[in-house]
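Me: I would like to go through this model carefully, one question at a time, with the criteria behind each term spelled out. Please take me through it.

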Amino acid sequence: MFDFDNNVEFEEKDLDLLTVGELLVDMIPGDYGDSFENGTYHRYFGGSPANIAMNTKRLGIRPLVASTVGTDGLGQFLVEHLRRVEMDTSCVQRVDEATSLVVVTKSKSTPIPIFYRGADYRLAYTEELRTALLRTKIVHFSCWPLSRQPARSALEQVIREARQNGILVCFDPNTHPALWEKGEDGVKYLQSILPLVDIAKPSEDDAERLFGKDTPENQMQKFLDLGVKLVILTLGKDGALVSNGQETVKFDTLATQVTDTTGAGDAFWSGFYTALVKGYPVRKALEFGLAVSAYKLQYTGAVVELPVLETFKTKYQI
């Protein structure tokens with residue numbers, strides 16, 4: 001069980017976090033709106049696991065991203081973005097497919113995405129990926145690689161090896177019907193993955209897609225009943241509700257200015273992971289997650305220039 005007032009004990013490793021999943025381009029318009037009629041779109045680094053790796057690097061821990069991009073210009077753009085912040089790109093695989101991208105609305109609530117998938121689900125379980133996994137304290141993944149083969153098989157192997165080696169397994173159930181092949185029951189499959197997960201952070205939309213409409217408390221219990229040990233249910237402007245199965249804690253949002261919600265959840269994960277690795281108790285780590293998310297909400301795009309974690313102590317009175 002995760003005690004809110006205690007830290008998580010990690011075995012000493014030379015890597016803190018391995019994120020596995022999509023590395024892609026976000027195309028975000030200059031103006032707000034849900035109709036996709038905006039004339040000018042701007043290219044941004046994107047992909048939830050990759051965003052988290054970038055953020056945690058800036059916050060002060062040692063991440064690595066495992067993902068797949070095309071051999072095209074967009075793939076090069078993403079790889080160079082990683083290299084500019086001195087990220088190790090040894091687990092970024094290059095394949096002869098178009099680099100995946102998402103066209104997304106600019107929103108102060110929930111962005112509307114359109115997915116164009118190519119390279120992202122071609123991830124293979126390589127020796128480089130296995131070596132990276134055994135070097136890390138935490139492995140994080142999203143729904144994207146689980147939704148298509150061959151990435152699904154690669155990630156299933158990652159999860160098996162992580163559990164066998166005492167690595168913390170964390171999952172962002174950011175599912176969307178458009179991710180799955182027609183005719184596949186993605187919800188049933190994801191529910192079969194949850195018993196293998198230590199920490200999950202669904203949004204209200206994620207929980208509803210997995211379990212249907214219900215109260216936040218009931219949604220969290222469904223994750224716990226399937227075996228998740230710590231459930232972080234994010235509630236947008238209402239903060240977050242967190243349960244370890246024995247205790248439930250409500251956290252208020254720290255956001256005072258919302259410019260673009262793209263990547264807010266990734267920013268939360270980033271602050272949370274960084275604080276856990278640095279030895280903060282779980283409760284404080286959750287507060288850092290909310291602080292980093294609040295900071296990101298002031299800017300457009302999923303990845304922004306972040307200060308080191310300790311800066312957030314005074315800025316958000318943690």
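Me: Which residue in S10 does Cys170 stand opposite?
Reply: This is a predicted model, in which local features need pLDDT of at least 70 and side-chain atom pairs count only at pLDDT 80 or more, while totals for chains, interfaces and linings use all residues. Residues are numbered from 1 along each chain as its sequence is written, and side-chain values use heavy atoms, with hydrogens and water left out. Strand S9 (residues 168–172) and strand S10 (residues 199–200) pair in the parallel sense over two bridges, where strands are DSSP runs of E of at least two residues, helices are runs of H or I of at least four, both numbered from the N terminus, and pairing requires at least two DSSP bridges between two strands. Within that pairing, the residue opposite Cys170 is Ile199.

Me: Which strands are the edge strands of the open sheet?
Reply: The sheet is open and mixed in its pairing, with nine strands in the order S5-S4-S1-S8-S9-S10-S11-S12-S13. An edge strand here pairs on one side only, and this holds for strand S5 (92–95) and strand S13 (248–251).

Me: At about what angle to S1 does helix H1 run?
Reply: Helix H1 (residues 48–59) lies across strand S1 (15–20), strand S4 (63–70), strand S8 (136–142) and S9. Axes are lines fitted to C-alpha atoms, for helices over the stretch in contact (heavy atoms within 4.5 Å), and angles run from 0 to 180 degrees between N-to-C directions. On that scale, the angle between H1 and S1 is about 160°.

Me: At what distance from the ring centre of Tyr189 does Arg152 lie?
Reply: A charge sits over a ring if NZ of Lys or CZ of Arg is within 6 Å of the ring centre and within 35 degrees of the ring normal. The charged end of Arg148 sits over the ring of Tyr121, 5.2 Å from its centre. Arg152 lies over the face of Tyr189, and its distance from the ring centre is 4.2 Å.
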